[in-house]
Amino acid sequence: MPLDLEQLLDLYRDMWLVRAFEFGLEREFKKGTVPGMLHTGVGQEATQAALAAHLEKTDCFFPDHRCHGLNALAQERHAGTGQRIMAELFGRATGVCGGKGGSLHSADPSVGNFGDNAVEGSFMATVLGVALAWKMRRQPRVACCVIGDGTVGRGEFHESLNLAATWKLPVLYACVNNGYAISTPVGEAHASANIVDLARGYGLPCVQVDGNDIELAYAAVEQAVAHIRAGHGPYFLEFKTWRWQGLFSGEFRPAAEVRYWKDEHDPLKLARQKILATGRAAEAAVDQIEAEAKAQIERWIQFAIASPMPGSEKATANVYVGWEAASR
Amino acid sequence: MTAPTAPARTRTFVQALTEALDLMMAEDENVYLLGEDIGRMGGDFGVTRGLFEKYGAERVRDTPLSEAAIVGTAVGSAMVGMRPVAEIMFADFLGECYDQLVNNAAKLHYMFDGQFKAPIVVRTACGGGFGGGPHHSQSVEGWFLNVPGLVIVGPATPADAKGLLVASIADDNPVLFLEHKALYRVKGPVPEGKYAVPLRQAAVSRPGRDLTIVAYLKMTPEALAAAEVLAKDGIEAEVIDLRTLRPWDTDTVLSSVRRTGRAVVASEAPRMGGLAADVSATIAEECWSDLKAPVGRVGALDTPIPFSLVLEKIILPGRDQIVQAARQVLGAQPVA
C-alpha cells in the first residue's frame with residue numbers, strides 16, 4: 001500500500017538526517033575530532049528510517065555498527081535528544097553513555113536502544129533474553145536486532161534463530177544485506193547470497209525486501225511488527241541494500257555496481273522521485289527538508305564539540321554494581 | 001538475610017544448592033533457570049531435581065546445546081529485570097559462551113555507563129579427579145580472572161554452597177559460580193531456610209599460628225587434610241578458603257600472612273597465569289617485611305588433563321603436595 005504524502009515527507013526527512021549525520025561524522029573523523037573507528041550507514045538510510053518509524057520506546061533494538069542513524073532517529077523521536085548520539089561518537093560527557101561506549105556501544109534504554117556489541121552478532125543471543133522476559137510477562141513488545149550479512153557466519157545467528165523459533169519469541173531480525181562483509185562478497189562467504197534462504201529452515205516467516213525503497217521497507221517492517229505484537233513469534237526481514245563506504249583504502253567494487261547503487265538506486269533519490277510523483281509537493285519544499293536536516297546535524301556536531309570530556313572519575317566508575325572497582 | 005538462624009541439618013553439596021535455588025525461586029518470580037537437561041532430568045548432577053515439577057517448564061527451561069544462546073538469553077533477560085540462573089553442564093564448555101560472559105555480561109554495566117546491569121548467575125561443574133578426561137575436568141577460573149566486571153565464586157562446603165548461591169542470585173553483578181564435581185556428594189551441616197554468605201569474603205576454615213594456607217574449591221578440604229598431617233608435627237596451619245575468587249578477599253589473606261609470616265597458596269589449576277599466582281604476588285607485594293620465607297605455590301602440572309586415573313593423579317595436586325610445600329616454606333630460613 002503506497003504511503004501518503006505526509007508519511008513520505010517524514011521518512012524523507014529522517015533519511016536525510018541519517019545521511020547528513022554520516023557525512024558530517026565522516027568530515028569530522030577526517031579532521032581528527034572523532035576518535036576510534038568509523039563505519040557509516042550511507043546508502044542504508046531507508047532501512048534505518050523504516051525501523052525507527054515502527055519501533056516504540058517500550059520495544060527494544062540492538063543496533064549494529066552502521067546504525068548511527070537509527071540510534072539518532074530513535075533518540076530524537078522518543079527523547080528529542082538526537083545530539084546525544086553525536087556527542088557519544090565524539091566521546092563526550094553529554095553522550096548517551098557519557099563517552100564510554102562510542103560509535104560501537106551507544107545505548108539508551110529509555111528510547112529502546114539496548115546498545116551495540118562490537119563483536120558482530122553477539123547480541124543475537126542477548127535479544128533472545130529480552131524477548132523471553134517479555135513473553136513470560138505477556139508484554140506485546142518487539143525485541144529487534146539489526147545485523148549485517150557478515151553476521152550470518154556467526155554461530156549465534158543459528159543458535160538465535162533456532163531458539164527464537166522453538167520458543168516463539170517476539171524477535172524481529174532485521175538483516176541488512178549490503179553485499180559485503182568488509183571486503184568479502186556475501187555469495188563467497190555463505191551458502192546463499194540471499195540470507196532468507198538460510199534463515200527459512202528455522203521455520204519462521206522470512207521476507208526479502210528492497211531495502212532502498214522506503215515504501216517497501218516501511219511496509220515490510222509494519223507487517224513484521226504486527227505479526228510479532230500479535231504473539232505469532234519471530235520474523236526475519238532481509239533488506240537488500242548497499243553501503244557507500246568502501247574499504248579504508250578506497251573503493252574496491254566494480255564501477256558498474258557503484259554506479260547502479262549510487263545513481264540509479266539511491267534510497268534518497270528514489271524517495272524524492274516518489275514525493276514529486278504525487279504532484280502535491282513543490283521541489284523547493286523538498287529541497288527545504290534536505291537543507292533543514294543538514295542544518296540540524298551541524299547543530300548536533302557543534303553541540304558535541306562544545307561538550308565537556310568525561311571527568312576522570314568515570315574511568316573507574318560502574319565496573320561493578322554497588323562496588324568500587326579494585327584499585328590494583 | 002545474612003547469618004543463618006535456623007538449626008543445621010546434614011545435607012549434600014548438591015542438596016544445598018537445590019535448596020538455594022528453590023528458596024530464591026519461591027521468593028521472586030523473576031528468578032528462573034535455563035540450561036541443558038535441567039528440567040525433567042534435573043541436571044547432569046541433579047542440582048535442579050524437583051524444581052521442574054514445582055515451578056514448571058516456563059521457569060525451569062531446557063535448552064538445546066547452545067551455550068552462547070543460554071548465556072545470551074540470561075544476559076538479555078537480566079537487562080529487563082529478570083534474575084536468571086543458567087547452568088552450563090561442564091565448565092569446559094564455557095569456551096562456547098566465553099564471549100557472552102567476557103564481552104557482554106561483564107562489560108554491560110561499564111560500557112553503557114551504568115544504564116544496564118546483568119544480574120545473572122552461571123553455574124557450572126568444574127574440576128577433575130574422576131577420569132573425566134580433557135574436556136570434562138578442567139579448572140577454568142584462570143580463563144576469567146582477567147575480566148573486570150565479572151564475579152567468580154567457588155564454594156568448598158555444603159553450607160557455603162547454599163549461602164553463596166543465595167548471595168550470588170541476589171547480587172546485581174554477573175556471577176560465574178563454580179561447583180567442583182568432587183564436592184557434589186560431600187555431606188555437611190546446612191542451616192535451614194534462607195541465609196546469604198557474603199560475596200568477596202574469605203573464611204578462616206581452620207585457625208593457626210605457624211603458616212597460612214590459602215585454598216579454594218576442592219583444595220580447601222585438601223588443605224584441611226594437610227593441616228591435620230602438619231598438626232601431628234606440632235605445626236598449626238591456618239587454612240583460608242577464598243570462597244569468592246574474583247575479586248578475592250585481600251584483607252583476610254594479608255592479615256593472616258602478616259601474623260603467620262609464611263604462606264602456601266593452593267589451586268587445582270595449572271600454576272601459569274592462575275589465581276594462585278595472583279594471590280602469591282599480592283602477598284609478596286604487601287607482606288614483604290612480614291614474610292619469613294618465599295610464598296609456596298601448589299598447582300597442577302602444566303598439561304591438559306588425561307583420561308587415565310593413574311596419569312591424572314600425577315598431574316592434579318592434593319593434600320600431599322600441600323604438606324610438601326608447607327614443609328618447604330617452614331624449613332626456609334628467614335631472610336636476614
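**Close-up views of a predicted two-chain model**

**View 1. A buried aspartate with positive phi, B:Asp113.** B:Asp113 is buried, with 22 other C-beta atoms within 10 Å. The model is predicted. Phi of B:Asp113 is near 55°. That is a positive value in a residue other than glycine. Most residues other than glycine have a negative phi. B:Asp113 sits in a loop of chain B.

**View 2. A:Asn318, a positive phi in chain A.** A:Asn318 is not a glycine, yet its phi is positive, at about 65°. The residue belongs to the segment after helix 12 (283-306) of chain A. Buried or exposed? A:Asn318 counts as buried, because 21 C-beta neighbours lie inside 10 Å and the cut-off for a buried residue is 20 or more.

**View 3. The cis peptide bond at B:Pro247.** The bond from B:Arg246 to B:Pro247 is cis. Its omega is near -10°. Most peptide bonds are trans. Where does B:Pro247 lie? B:Pro247 is in the loop between strand 12 (244-246) and helix 9 (250-260) of chain B.

**View 4. The open five-stranded sheet of chain B.** The strand order is 9-11-10-13-14. Pairing in this sheet is mixed. Strand 9 (203-206) and strand 14 (296-300) of chain B are the edge strands, each pairing on one side only. From one strand to the next, the twist averages 25°.

View 5. Strands of a sheet pair through backbone hydrogen bonds, either parallel or antiparallel. Strand 9 and strand 11 (residues 237-241) of chain B run antiparallel. Three bridges join them. Which residue is the bridge partner of B:Val204 in strand 11 of chain B? The partner is B:Ile240.

View 6. Helix 10 of chain B spans residues 275-286. It lies across strand 10 (211-215), strand 13 (263-270) and strand 14 of chain B. Relative to strand 13 of chain B, helix 10 of chain B runs at about 160°.

**View 7. Where the two domains of chain B meet.** The domain assignment gives domain 1 (9-191) and domain 2 (203-330) of chain B. Their C-alpha centres lie 26 Å apart. Across the boundary, 25 residues of domain 1 of chain B are in contact with 22 residues of domain 2 of chain B. On the domain 1 side, four elements of chain B each supply at least two residues: helix 6 (141-144), strand 6 (151-153), helix 7 (158-170) and strand 7 (175-180). Strand 6 of chain B gives the largest share, three residues. By class, this side of domain 1 of chain B has twelve nonpolar, eleven polar and two charged residues.

**View 8. Chain B as a whole, for context.** Chain B has twelve helices and 14 strands. Its C-alpha atoms fill a box of roughly 65 × 45 × 45 Å along the principal axes. The radius of gyration of chain B is 20 Å, which agrees with the value near 20 Å for a compact globule of 336 residues. Buried residues make up 58% of the 336 residues in chain B. Among contacts in chain B with a separation of 6 or more, 79% join residues 24 or more positions apart.

How values were computed: Residues numbered from 1 in each chain as written. Chains lettered and ligands numbered in written order. Predicted model: local features only at pLDDT ≥ 70, side-chain atom pairs only at ≥ 80, totals over all residues. Pairing = 2+ DSSP bridges. Axes fitted to C-alpha atoms, helices over the stretch in contact; angles between N-to-C directions. Contact = placed C-beta atoms within 7 Å. Buried ≥ 20, exposed ≤ 12 C-beta atoms within 10 Å, placed from the backbone. Domains from an automatic or database assignment. Nonpolar A, V, L, I, M, F, W, Y, C, P; charged D, E, K, R; others polar. Rg over C-alpha atoms; globule rule 2.2 N^0.38 Å.
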